[in-house]
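Reader: Could you walk me through this model one feature at a time? I'd like the general idea, then the case at hand.

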Amino acid sequence: MKIAVVGVGVAGSYLLSRLRDEHNIEGFEMFDRSRYFPICAWGTSKNVMKDFAKKVGLNFEEYILHTGREMIVDLGRELHYIRLRGLCTFDKKKFEEDLIKDCKVRFGMRVSSVLDGYDLIIDSTGFNRSLLPKVRNDYFIPTVEYRVKFSNPPFDDFYIKPFRELSGYLWYFPLGGNMYNVGAGDYFKRHCRVLDEFIKKYGGEVLMKIGRPVRITPPLYCQPFYFGNIVGVGESIGTVYPMLGEGIIPSLYSAETLVKNLDSFERYSKAILKMFKPYVTVFEFIRRGLTSGLNLKRDWILLFKIYLHMRFREDRYGIQARIRDFSKVINAARRRT
Ligand SMILES: Cc1cc2nc3c(=O)[nH]c(=O)nc-3n(C[C@H](O)[C@H](O)[C@H](O)COP(=O)(O)OP(=O)(O)OC[C@H]3O[C@@H](n4cnc5c(N)ncnc54)[C@H](O)[C@@H]3O)c2cc1C
């Protein structure tokens, strides 16, 4: 098939690499090559990423910048420590560059309508969802992120500070060599102020400022996934874990699901809905918190389902999931002003 991949982020570049031997495939990226930079904190679970990398002939170990021992969660009155099981940061830029190394990609081309002459057009434009119909009642979290060099880093491992009602959080992810991705996202838009306060408190040289919204609407509410000969993957169809804003692995899952169902968009859609069903529960929990405040009495079943989902997938998320940690974080998020 002649395939166009529109948007060469993590899902698009993975698909280019994965399909290049069997198809006539070409990528389109709106940024110029020199200006392209993956806006992301670069955190992921190495347990899963190593398998994706292997499928395209890469060794994930070569991209790892920092492997975490524990997640430091700032609860306001105290710091809480959660054991990590494979959460790491990796050089996402280099990873994506290597994925497309031998592929044909046209940089500096923003595609906003159907391209002629292709059997299949993949919308991997992330938040933009440039080719598929717009999502109604879309939920997204605005974010801002700084690349910071600390001469005296305040923490030496992953650190997060959840916002009230779990409407977002501030993150501080180590990249090795005193470099950190420090960012914040908040549905209620307090993220810029909170991030600047953090930088003011701990110092550090800000080398770069980036940001964009993250879609947290799950795939169920991002339909259709296809339209004519256009099919969506990744964040364009809502593959982001709503509680964490974690979208790398879910986007790769969706890309791999597309590879397996290239001959049937209907089968692809069904597989996506099944795979991302647990995200609907997570989204519902977050949405209720955003619209009417966290209420454990009302929402304990949702929270218990989320806990079970993560408890049996600690390797997948790279983090230990314990009910004690869940309730501590949530109780603190309710108290926080
Ligand atoms: C600040 C921030 C921090 C994050 N941190 C993490 C994290 O630590 N771990 C994690 O797992 N997830 C994280 N995420 C989420 C994660 O980055 C995304 O969900 C994931 O990258 C989605 O992959 P994608 O390929 O679907 O889209 P993207 O990676 O967003 O790629 C989309 C690509 O399409 C291009 N594009 C858009 N429109 C067009 C167009 N019309 N024509 C051509 N090209 C176009 C864009 O330039 C981009 O290159 C973070 C997100 C943000 C914003």
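Author: What follows is a short talk about helix packing, the ligand shell and some backbone angles. Keep in mind that this is a predicted model.

Reader: Let's start with α1. How many of its residues are buried?

Author: Burial is a count of neighbours: a residue is buried if 20 or more other C-beta atoms lie within 10 Å of its own. In α1, 10 of 10 residues are buried, and the helix is mostly covered. That list includes Gly 12, Ser 17 and Arg 18.

Reader: And what covers the buried residues of α1?

Author: The cover includes helices α2 (46–55), α3 and α5 (248–260), along with strands β1 (2–6), β2 (24–29) and β9 (120–123).

Reader: Take α3, then. At what angle do α1 and α3 pack?

Author: For a helix pair, look at the angle, the axis distance and the handedness. Here α1 (residues 10–19) meets α3 (residues 92–99) at about 30°, and the axes are 8 Å apart. Angles under 35 degrees count as roughly parallel, and α1 and α3 are therefore roughly parallel to each other. Their crossing is left-handed. On the α1 side the contact uses Val 10, Ser 13, Tyr 14, Leu 16 and Ser 17, while α3 brings Lys 92, Glu 96 and Leu 99. Sorted by class, this contact of α1 with α3 has four nonpolar, two polar and two charged residues.

Reader: Now the α1 and α5 pair. Is that crossing left-handed or right-handed?

Author: Right-handed, for α1 and α5. Their axes come within 9 Å and cross at roughly 35°. From α1, the contact takes in Val 10, Ala 11, Tyr 14, Leu 15, Arg 18 and Leu 19; from α5, it takes in Ile 248, Ser 251, Leu 252, Ser 254, Ala 255 and Val 259.

Reader: On to the ligand. How many residues surround the ligand, and which are the closest?

Author: A shell can be read by its residues, by the elements that supply them and by class. There are 41 residues around the ligand, and the closest are Gly 7, Gly 9, Gly 126, Gly 234 and Gly 247. At least two shell residues come from each of α1, β2, β3 (43–45), β11 (143–149) and α5. With three residues, α1 gives the most. By class, the shell holds 16 nonpolar, 19 polar and six charged residues.

Reader: What should I look for in the backbone angles?

Author: Look for the exceptions: most residues other than glycine have a negative phi, and most peptide bonds are trans. One exception is the cis bond from Gln 223 to Pro 224, with omega near 5°. Pro 224 sits in the loop between β16 (214–215) and β17 (226–227).

Reader: Which phi values are positive in a residue other than glycine?

Author: Two to look at are Arg 129, with phi near 45°, and Asn 178, with phi near 65°. Arg 129 belongs to the loop between β9 and β10 (140–141), and Asn 178 to the loop between β13 (168–176) and β14 (179–186).

Reader: Is Arg 129 buried or exposed? And why does Asn 178 count as partly exposed?

Author: Arg 129 is buried, because it has 22 other C-beta atoms within 10 Å. Asn 178 counts as partly exposed because it has 15 C-beta neighbours inside 10 Å.

Definitions and conventions: Residues numbered from 1 in each chain as written. Predicted model: local features only at pLDDT ≥ 70, side-chain atom pairs only at ≥ 80, totals over all residues. Axes fitted to C-alpha atoms, helices over the stretch in contact; angles between N-to-C directions. Helix = DSSP H or I, 4+ residues; strand = E, 2+ residues; numbered from the N terminus. Parallel < 35°, antiparallel > 145°, perpendicular 65-115°, else oblique. Left-handed = near helix turned anticlockwise from the far one by under 90°. Contact = placed C-beta atoms within 7 Å. Nonpolar A, V, L, I, M, F, W, Y, C, P; charged D, E, K, R; others polar. Buried ≥ 20, exposed ≤ 12 C-beta atoms within 10 Å, placed from the backbone. Near = placed C-beta within 6 Å.
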